[in-house]
Amino acid sequence: PGTYVAGTGATICISCEAGTYSFKPAQTVCTDCAIGRYASTLGEEECALCSPGTYIGDPGKSVCLACVPGTYATNFGQTRCDKCPAGKYETTSDSQSSSSCEPCPTGHYQYQSGESQCIACPTGKYNPNFGGKSDIDCLKCPANTYQDRTGQSVCTNCPAGTSSAVTGQTTSDCSTCDVGSYTSGGKSCQS
């Protein structure tokens with residue numbers, strides 16, 4: 001076992017290469033390990049299953065591959081890694097559980113599956129919720145507020161004595177209230 005005989009009349013057994021195995025004596029060829037299994041050394045009698053967090057998608061391999069960030073493998077012998085769903089991300093290699101996929105933080109979203117980071121909402125917008133799955137989860141800042149930074153969960157009120165009718169404002173350029181009007185900030189000017 002773990003060897004093969006090269007040709008008829010041969011008397012010397014040759015060890016199977018890594019990624020292959022032989023479980024019977026006097027075989028003439030070694031067999032490739034199946035997908036999800038590996039043989040790391042010469043002369044293997046059987047192939048081992050890849051551990052959780054790793055996979056093999058091709059036959060005849062000698063080492064399992066770690067799942068890349070944004071993916072995970074929960075079972076032994078996986079042939080591919082599963083992707084974190086949209087609205088979630090995962091930053092480490094060889095993750096073994098879907099629980100390693102975390103919801104995108106507030107101020108962010110992710111519309112694709114299998115990602116290692118989330119996308120920040122642009123200036124002029126905010127997202128107060130975790131797990132945003134689309135850019136529509138980024139809401140325009142309401143009137144009398146602005147957001148001049150990306151990836152924010154709230155908008156900033158216009159300063160006291162100023163207001164703005166613009167939604168989605170990206171700068172703090174709020175207009176000064178007319179003479180005789182006032183606001184405490186974040187509201188329209190009042191007489």
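Predicted model: local features only at pLDDT ≥ 70, side-chain atom pairs only at ≥ 80, totals over all residues.
Contact here means heavy atoms within 4.5 Å. With that in hand, threonine 79 touches Ile35, Gly36, Tyr55, Ile56 and Gly57, once its neighbours within four places in sequence are set aside. Residues are numbered from 1 along each chain as its sequence is written, and side-chain values use heavy atoms, with hydrogens and water left out.

**Overall shape**

- The protein chain has 0 helices and 20 strands, where helices (H or I, at least four residues) and strands (E, at least two) are DSSP runs numbered from the N terminus.
- The C-alpha trace spans about 110 × 20 × 20 Å along its principal axes.
- The radius of gyration is 30 Å, while a compact globule of 191 residues would come in near 16 Å; the radius is taken over C-alpha atoms, and the globule rule is 2.2 Å times the number of residues to the power 0.38.
- Take the contacts between residues at least 6 apart in sequence: 40% of them join residues at least 24 apart.

**Surface and burial**

- Of the 191 residues, 34% count as buried (buried is under 20% relative accessible area, exposed is over 50%, and partly exposed is in between, with a 1.4 Å probe and protein chains only).

**Around threonine 79**

- Threonine 79 sits in the loop between strand S9 (71-72) and strand S10 (82-83).
- With a relative accessible area of 36%, threonine 79 is partly exposed.
- Alanine 34 is 45 residues from threonine 79 along the chain, and their C-alpha atoms are separated by 9.5 Å.

**Disulfides**

- Searching the whole structure turns up 10 disulfides (pairs of cysteine sulfur atoms within 2.5 Å).
- Cysteine 33 is joined to cysteine 47 with an S to S distance of 2.0 Å, and the link is left-handed at -80 degrees about the S-S bond.
- Cysteine 33 is in the loop between strand S4 (31-32) and strand S5 (37-38), and cysteine 47 is in the loop between S5 and strand S6 (48-49), so this pair ties together parts 14 residues apart in sequence. Cysteine 33 and cysteine 47 are both buried.
- Cysteine 84 and cysteine 101 form another disulfide, with sulfur atoms 1.9 Å apart. Its S-S torsion is about -75 degrees, so it is left-handed.
- That pair links distant parts of the chain, 17 residues apart: cysteine 84 is in the loop between S10 and strand S11 (88-89), and cysteine 101 is in the loop between S11 and strand S12 (102-103). Cysteine 84 is buried at 0% relative accessibility, and cysteine 101 is buried at 5%.
- Cysteine 158 and cysteine 174 are also linked, S to S 2.0 Å, and the torsion of about -70 degrees makes this disulfide left-handed.
- Here the linked parts are 16 residues apart, with cysteine 158 in the loop between strand S18 (156-157) and strand S19 (162-163), and cysteine 174 in the loop between S19 and strand S20 (175-176). Cysteine 158 and cysteine 174 are both buried.
- Cysteine 13 is in no disulfide, and the nearest cysteine sulfur, on cysteine 16, is 9.8 Å away. Cysteine 13 is partly exposed at 46% relative accessibility.

**Charged and aromatic pairs**

- The structure holds 1 salt bridge, meaning a side-chain nitrogen of Lys or Arg within 4 Å of a carboxyl oxygen of Asp or Glu.
- The partners are aspartate 82 and arginine 80, whose closest N and O atoms are 3.0 Å apart. Aspartate 82 is partly exposed at 22%, whereas arginine 80 is exposed at 52%.
- There is 1 aromatic pair; rings of Phe, Tyr and Trp (its six-membered ring) pair if their centres lie within 6.5 Å, with planes under 30 degrees apart counted as stacked, over 60 as edge-to-face and the rest as tilted.
- Tyrosine 21 and phenylalanine 23 have ring centres 6.1 Å apart and planes at 20 degrees, so they are stacked. Phenylalanine 23 is partly exposed, at 49% relative accessibility.
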